[in-house]
Every structure is written in C-alpha cells, then in structure tokens.
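Me: I want to go through this model and ask what stands behind each label. Please set the values against the cut-offs as you answer.

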Amino acid sequence: MLKLAAQIGWFVIVGCAAAATHWAVAVACVAAGGLDPLLANVVGWLTAFCVSFAGHYRLTFRHQHAPLPRAARRFFAVSALGFAVNEAAYALLLHTTAIRYDVLLALILIGIAVLTFILGRCWAFRRTH
C-alpha cells in the first residue's frame with residue numbers, strides 16, 4: 001500500500017511537471033509563435049512526453065524495473081493514446097464551447113492523467129511481458 005501511495009505521489013509530481021510543460025509550450029507557441037492552438041498542442045505534447053517519460057521511468061515506476069527500450073515504446077503508446085483523446089476532445093470543445101483555449105487545455109490534461117497512471121502502472125512500466 002505504501003508503494004502505491006508513493007507511486008501516486010511521484011505520478012502527481014511528474015505529471016504536474018509534464019502538464020505544466022505541455023501547457024506552457026502550447027500557450028507559448030500560440031502567443032509567441034502564432035501557431036493554431038491544435039498544432040501548438042502537438043508541439044506541447046511532444047515536449048512534455050520527454051519530461052513525463054524521464055520522470056516516470058526514474059521516479060514513479062522505478063521499482064518495477066521495466067527495460068528502458070520496452071518501457072519507452074509502451075509509454076509512448078500510452079501517451080499517444082492519451083494525446084489522441086486529448087486532441088479530439090480539445091478540437092471538439094474548442095469549436096463547441098466558449099471556454100478559453102488555455103483553460104480548456106488545462107482541464108483536458110487533468111482528465112487524461114488517470115488513464116495514463118493506470119496504463120503506465122499496469123502495462124507500460126511493468127517488468128514482465
């Protein structure tokens with residue numbers, strides 16, 4: 001039970017760092033780079049993936065001892081699935097609500113976190129095949 005609590009704690013810390021990175025990069029791409037919010041979201045996700053994987057591999061799921069190459073491939077798949085849901089929801093809600101793009105993105109990022117933890121713990125960083 002303590003190991004799970006520690007994993008959740010690290011997951012929140014790493015996830016917040018990755019989400020903050022995702023959000024900051026996406027918002028900067030829109031504000032400073034003039035990118036469309038959906039394209040900026042892709043750039044934000046790719047940048048945040050690096051933060052997320054490194055943190056989860058070294059901190060959150062370190063006790064699971066998953067081989068690095070397999071964990072990277074699997075976590076990329078988990079992250080890509082989460083991002084696909086993120087991008088679809090973001091595209092839909094950008095066009096159907098009056099919520100500001102930056103607030104909307106923050107809400108969606110929070111919503112994807114639970115899916116990422118479960119799939120990361122049970123599959124991506126699992127030691128056995």
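**Labels and their grounds**

Reply: Arg74 is buried yet has no salt bridge, and Glu87, the nearest side chain of opposite charge, is 25 Å away. This is a predicted model.

Me: Where does Arg74 sit, and which backbone oxygen lies 3.0 Å from a polar atom of its side chain?

Reply: Arg74 is in helix H3. The backbone oxygen is that of Trp123, a residue of helix H4. The C-alpha atoms of Trp123 and Arg74 are separated by 7.5 Å, although the two residues are 49 apart along the chain.

Me: Why is Trp123 called partly exposed?

Reply: Its relative accessible area is 35%. Buried means under 20% and exposed means over 50%, so Trp123 falls in between and is partly exposed.

Me: How many salt bridges does a search of the whole structure find, and what makes Arg100 and Asp102 count as one?

Reply: The search finds 1 salt bridge. The side chains of Arg100 and Asp102 meet at 2.8 Å, N to O; the limit is 4 Å, so the pair qualifies. In general, side chains of opposite charge can pair when their charged atoms come close.

Me: Why is the pair of Phe61 and Phe117 called tilted?

Reply: The ring centres are 5.9 Å apart, and rings pair if their centres lie within 6.5 Å. The planes stand at 35 degrees. Stacked would need under 30 degrees and edge-to-face over 60, so this pair is tilted. By this rule the count comes to 13 aromatic pairs.

Me: What parts of the chain does the pair of Phe61 and Phe117 tie together?

Reply: Phe61 lies in the loop between helix H2 (37-60) and helix H3 (68-96), and Phe117 lies in helix H4 (residues 101-124), so the pair ties together parts that are 56 residues apart in sequence. Both Phe61 and Phe117 are buried.

Me: What makes Phe75 and Phe125 a tilted pair?

Reply: Their rings are 5.2 Å apart, centre to centre, with 45 degrees between the planes. Phe75 in helix H3 and Phe125 in the segment after H4 are 50 residues apart, and both are buried. Phe61, Phe117, Phe75 and Phe125 belong to one aromatic cluster, which also includes Trp45 and Tyr57.

Me: Which elements give two or more residues to the largest nonpolar core?

Reply: The largest nonpolar core has 11 residues in all, among them Phe11, Ala66, Val78 and Ala124. H2, H3 and H4 each give two or more residues to this core. The largest share, 3 residues, comes from H3.

Me: How many disulfides does the structure hold, and how do you know that Cys50 is in no disulfide?

Reply: The structure holds 0 disulfides. The cysteine sulfur nearest to that of Cys50 belongs to Cys29 and is 14 Å away; a disulfide requires sulfur atoms within 2.5 Å, so Cys50 is in none. Cys50 is exposed, with a relative accessible area of 54%, whereas Cys122 is partly exposed at 44%.

Me: Why is Thr60 called buried?

Reply: Thr60, in helix H2, has a relative accessible area of 2%. The cut-off is under 20%, so Thr60 is buried. Thr60 and Phe117 are 57 residues apart in sequence and 9.6 Å apart in space, C-alpha to C-alpha.

Definitions and conventions:
Residues are numbered from 1 along each chain as its sequence is written. This is a predicted model: local features need pLDDT of at least 70, side-chain atom pairs count only at pLDDT 80 or more; totals for chains, interfaces and linings use all residues. Side-chain values use heavy atoms; hydrogens and water are left out. Rings of Phe, Tyr and Trp (its six-membered ring) pair if their centres lie within 6.5 Å; planes under 30 degrees apart count as stacked, over 60 as edge-to-face and the rest as tilted. Helices (H or I, at least four residues) and strands (E, at least two) are DSSP runs, numbered from the N terminus. Buried means under 20% relative accessible area, exposed over 50%, partly exposed in between (1.4 Å probe, protein chains only). Lys and Arg count as positive and Asp and Glu as negative; His and the chain ends are not counted. A polar contact is a pair of N or O atoms within 3.5 Å; within protein, one must be able to donate a hydrogen and the other to accept it, and residues adjacent in sequence count only if both atoms are side-chain atoms. A nonpolar core is a set of buried Ala, Val, Leu, Ile, Met, Phe, Trp, Tyr and Cys residues joined through side-chain atoms within 4.5 Å.
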